Amino acid sequence: MVVTSNMAMNMGIKCCVKDDLFTPYQLGKFNLSHRVVLAPMTRSRAIDEMPNEALEKYYTQRSTPGGLLITEGTLISQTAGGFAHCPGIYTEQQVEAWRKIVDSVHAKGAIFFSQLWHVGRVSNQVYQPDGGAPISSTNKVLSEKWRILMPDGSHEKCTPPQALTPPQISEVVEHYRQAALNAIRAGFDGIEIHGAHGYLIDQFLKDAINDRTDEYGGPLENRIRFLMQVVQAVVEAIGAEKVAVRISPAIDHFDALDSNPLALGLAVVNGLNKLQSDLGSKLAYLHVTQPRFTAQGVVDKPAEEAEADAQLLRKLRDAYEGSFVSSGGYTKDLGMEAVAQGDADLVAFGRLFISNPDLVHRLKIDAPLNKYDRSTFYTHDPVLGYTDYPFLGDEYVN
């Protein structure tokens, strides 16, 4: 009999086998059979923001018994969008459409979380109600080096945003709360609040963007206020065990720079720890993106810089009192190492999961991996580059 770390603890064994990607894990009330997570990834297949049969097939293909899947960023309101054909969860029709997808994933025995998303200033007026300005923490427009994908396939610069007033911030918090309730009504097991990668919440967190002088700007305790209000509202609505948070304090995607990423990350972690202590209940998990991740791929950094990034992630992991998910350019070897060394409880895979619907099985048996085609990441075709990547063998084809 192979003794896992969980078994060893229950049996009082002092020396035990190290965990790896294929060791079971208890994520709150969920019994995970492995540590390989489907990372949230925008795929632009939800035509007119409606979940559809293509999404159902895509997520079901990647479902495994006891596996955790996180949806692509899912829009919480009419103002939340900034990319073509991303799914929403703010109308009754969207909730009903998601329910069919969730049921299909659950039929495969998987656990399914919805990532709640608002892009903030990373938008263009074409995506906004009545062609209005996107909302943000600031009036500062995104630098012109960044372009976003338009509905016609072209790339355009972002529209200057409008800084939210405190009453408007409260309205957005309510949008998150209602979206979380909608996700649970659709059957999702929980939600992940997207507070990373330069989107709305990150626009409050990062001091290179947040230039406010009110209670939402300046010192760290002010800059994390919006995130903490969102977490508090969602927890009160659906319960802490169904709520997760994603942050990326050391990533500069969409100009989201901070002068002290470690201090920012620890401020968020300490805030979440305090909330958990006050509640007497743990959140589902904290999800942190590796600094090596970029929009273009994975940066091969010099050894010294890479080690500094790794140390930052470890400090956040050590400080956080709960389950810890890491993502960003992981290979099997890097994932195995992260779990074995205790740097992460779970590892989320993105691009490799796009091209390998049976990624969990392939990683487990060291099978060759399909190569992904970046040119089809954000097309709107319901099949090409989406559900047509081959499984390893006919016995694994759905």
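**Reading the strands, a helix and the cores**

In this predicted model, strand 12 (residues 285–289) and strand 13 pair in the parallel sense over 4 bridges.

User: Happy to start there! What makes strand 12 and strand 13 a pair?
Analyst: Two strands pair if there are at least two bridges between them. Strand 12 and strand 13 have 4 bridges, so they pair. One of the contacts to look up is His287, whose bridge partner in strand 13 is Val325.

User: How do you know that strand 13 and strand 14 pair?
Analyst: The same cut-off of at least two bridges applies, and strand 13 and strand 14 have 3, in the parallel sense. Here Val325 stands opposite Leu346 in strand 14.

User: Which residues show that both faces of strand 13 are covered?
Analyst: Phe324 and Ser326 are buried on one side, and Val325 and Ser327 are buried on the other. In a regular strand, side chains alternate between the two faces of the sheet.

User: What do strand 13, helix 10 and strand 14 make?
Analyst: They make a right-handed β-α-β unit. The term right-handed is used because the path from the first strand over the helix to the second runs clockwise, with the strands pointing away from the viewer.

User: Why are the buried residues of helix 10 said to be on the same side?
Analyst: In helix 10 (residues 332–340), the buried residues are Lys332, Gly335, Ala338 and Val339. They cover an arc of only 130° around the axis, which puts them on the same side of helix 10. Their cover includes strand 14 (346–349) and helix 12 (359–365). Just after helix 10, Gly342 takes a positive phi of about 80°.

User: Why is Asn124 called buried?
Analyst: Buried means under 20% relative accessible area. Asn124 is at 11%, so it counts as buried. This residue lies in the loop between strand 5 (111–117) and strand 6 (135–136).

User: Which residues touch the most other members of the largest nonpolar core?
Analyst: Of its 98 residues, these are Tyr59, Tyr176, Ile193, Phe226 and Phe349. The largest share of this core, 9 residues, comes from helix 7 (residues 225–238). A second, separate core of 16 residues includes Tyr25, Phe30, Leu32 and Ile111.

Notes:
Residues are numbered from 1 along each chain as its sequence is written. This is a predicted model: local features need pLDDT of at least 70, side-chain atom pairs count only at pLDDT 80 or more; totals for chains, interfaces and linings use all residues. Side-chain values use heavy atoms; hydrogens and water are left out. Helices (H or I, at least four residues) and strands (E, at least two) are DSSP runs, numbered from the N terminus. Buried means under 20% relative accessible area, exposed over 50%, partly exposed in between (1.4 Å probe, protein chains only). The arc is that of the directions from the helix axis to the C-beta atoms. Contact means heavy atoms within 4.5 Å. A nonpolar core is a set of buried Ala, Val, Leu, Ile, Met, Phe, Trp, Tyr and Cys residues joined through side-chain atoms within 4.5 Å.
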